[in-house]
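Hi everyone, thanks for coming.

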Amino acid sequence: MNKSIIVIVVSVIATVLMLLLLGSIRGNKADQAMINTVPDIRELEPRSAEWGKYFPRQYDSYMATKESDEIKDVLKKDPNLVVLWAGYGFSKDYNEPRGHYYMLEDNINTLRTGAPVDEKTGPMPTACWTCKSPDVPRLMEEKGELEFFTGKWARWGDEIVNPIGCADCHDNETMQLSVKRDFLARALDAEGSEPFDEATHQDMRTLVCVQCHAEYYFKKTDWEDPDGKEHTAGVVTFPWDNGLSVEAIEQYYDERKFTDWTHKLSKTPMLKAQHPGYETFKTGIHGQNNLACADCHMPYVREGGVKYSSHKIGSPLDNISNTCLNCHGESEEQFKQIVERKLERKEELAAAATDIIAKAHFEAAKAWELGATEEEMTPALMDIRHAQWRWDFAVAAHGGFFHAPEETLRILGTAIDKGHAARLKLRIILAKHGAPEYEGPAFSSKEKAQELIGLQMDKLVDEKITFLNTLREEWIKKASHSGKEIYDPKTEVKEFKTSYADEK
Amino acid sequence: MKKSNMMTYVATGCAVMMVVVFVTLVYESRALSYLSSDPKVCITCHTMNTHYATWQHSSHREQASCVDCHLPRDSFVKKMIAKSIDGYNHSVAMTLGTYGKNLRVTDNAAERIQNNCISCHAEAVAQMHENSERYKKFDDEVPMGRRCWDCHRMVPHGRTKSLLSTPDNLGVKEL
């Protein structure tokens, strides 16, 4: 009996203690589960503020891209550009890019996107939204990629209401980096040296940016909807089949006889380069050492005891001590000077190139006027096409002067070479047709250059302002009342800033 | 006779109940997992999430797991003794909630860690080791008289390793 009592007492005491411990362990496990809970964010949620509820620091730093708000008019700085882009939207209005926060606003405000009056008018296709908003991957998912790429820009005005944000680069459940635009994977696979499926995390820290910061064109693609109706989509495509170099991409376009537009003065079948940031970066020393965009453009910052990656994406030079100096030993001042000198070198050659190419356009126009034949002109026009393409490739790769100074200067060198070759050929044609000493007209400002190429700027601006006060307002109203929960008033830009007007 | 039979049944019942609760406890606490060397075991509780996350983002990740630095590696018996001491201390702190948001290494653990630093980086510190014998010791707890991480402050957990330092760390990321 004594034994039994001892067993009972010991068992009960041990059981009670163990149950208490069990309760404590379960409590701790519940805490752990709560800490590890994945934030509850919709798939492809376009409103960054919804992600910001769980990641306030990243969100706040993203919103701080607001601070990059100055409009820098590139055409004003070098009026030659107006002539270079005669007959193309860029001659109307072209500013340096502002912070990510303004991306959508600037796309809507630029004179290049014109003044549609309904969903079927305006100069631009839907593809112009592609890199402006996380509503784009959402629409591609909802409607299908080809449907998204079909029709005029104004078609999606009431759907695309958030500037580039969280959903463009992150998975909603794991926050892992993820590429939301399939054309990047297709291009990487077509190029072949770095298939998309083999991308490491370090590669992804570049590739999410490359969704937009790369050269592209709108590839005409015929498709049939389920009702049997034929459509033509303009699908954003990276021209990388032959490689990433300026020559390889030039060859790609030449093989396909692709032209962005026919030049208004010289009748050249032109190419427009658009920010080949990735292509250029890969050739530079930082790219060669497998640095990622995020290494310098999204440095780690510390807030109290918390360390996180800044989402205020901009120039690393704004924060040299947390970017460059992580690896380099020089002082901030030395760094600024080194980089400034790199920029000056590029600008010197770029200015030489635009001057030569603008003159070539005028001289070609004169040759046509004097009755030159197509046969005579073609070789010179091909030189103009290639010269301008190369100059554009070098300057449109934002930061190319720093990412890859050697390659950028080399490309500008070949642009100048091709430009001179064109002018030499044109001089012979002009001589043949009785104008051996012809010189193109002089112009000293953006406005004069725009007048010279026949742009009616007042009309364009008036139409734009009307569009902004009518159709644009309707878009916002529709988006905020659609019941779809896609509109966030915080994304509305309060201050109207453009190169052409101070107020709406 | 009947009564004593009854008592035996009750005693047996109690003993069985104790065993069942014990087995449940072992299962719920994942007690057996603590015998492994997997770093994930160290974040069974959330208390060390920050230490896991910072280690996982450090260069040591490829070379050394938690136990490679924090437990003795020269003998199995020493390793198990140290593991038991740490395990006991951690369990008590966790259960009674006596730990703060900033964990600090004990002198006993510091000595083990320092020994492990020296054993992996033996060649690099050989000369230092020799020199240290000739000078005043700063700290009697660790070999060489000064802790490696007094200077190498970022290795491997970074300088701020409060529980609150890695708020976005969603537990274990499989690599």
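Let's start with the lining of the largest cavity: by class, 10 of its residues are nonpolar, 2 are polar and 3 are charged. Please keep in mind that this is a predicted model. How much volume does the largest cavity have? About 150 Å³. If you want to find its centre, look for Leu104(A), Val161(A), Arg472(A), Thr491(A) and Glu492(A), which are the closest to it of the 15 lining residues. Two elements of chain A give two or more residues to this lining, namely helix 6 (103-109) and helix 21 (471-481).

Now, how many cavities of 30 Å³ or more are there? The count comes to 3.

Let's move on to the second largest cavity, with a volume of about 50 Å³. Its lining includes Ser48(A), Ala49(A), Tyr59(A), Tyr62(A) and Met63(A). Also lining the second largest cavity are Tyr101(A), Pro163(A), Asp488(A), Lys490(A) and Thr491(A).

Which elements give two or more residues to the lining of the second largest cavity? In chain A, they are helix 2 (48-52) and helix 3 (56-63). Helix 3 of chain A gives the most, with 3 residues. By class, this second lining has 6 nonpolar, 2 polar and 2 charged residues.

That's my tour, and I'm happy to go back to any part of it.

Conventions
Residues are numbered from 1 along each chain as its sequence is written. Chains are lettered from A and ligands numbered from 1 in the order in which they are written. This is a predicted model: local features need pLDDT of at least 70, side-chain atom pairs count only at pLDDT 80 or more; totals for chains, interfaces and linings use all residues. Side-chain values use heavy atoms; hydrogens and water are left out. On a 1 Å grid over the protein atoms alone, a cavity is a set of points where a 1.4 Å probe fits but cannot get out, and a pocket is an open set with protein on both sides within 12 Å along at least five of seven lines; lining residues have an atom within 4 Å of a point. Grid points are joined across faces, edges and corners, and a volume is the space filled by probe spheres set on the points. Helices (H or I, at least four residues) and strands (E, at least two) are DSSP runs, numbered from the N terminus. Ala, Val, Leu, Ile, Met, Phe, Trp, Tyr, Cys and Pro count as nonpolar, Asp, Glu, Lys and Arg as charged, and the others, Gly among them, as polar.
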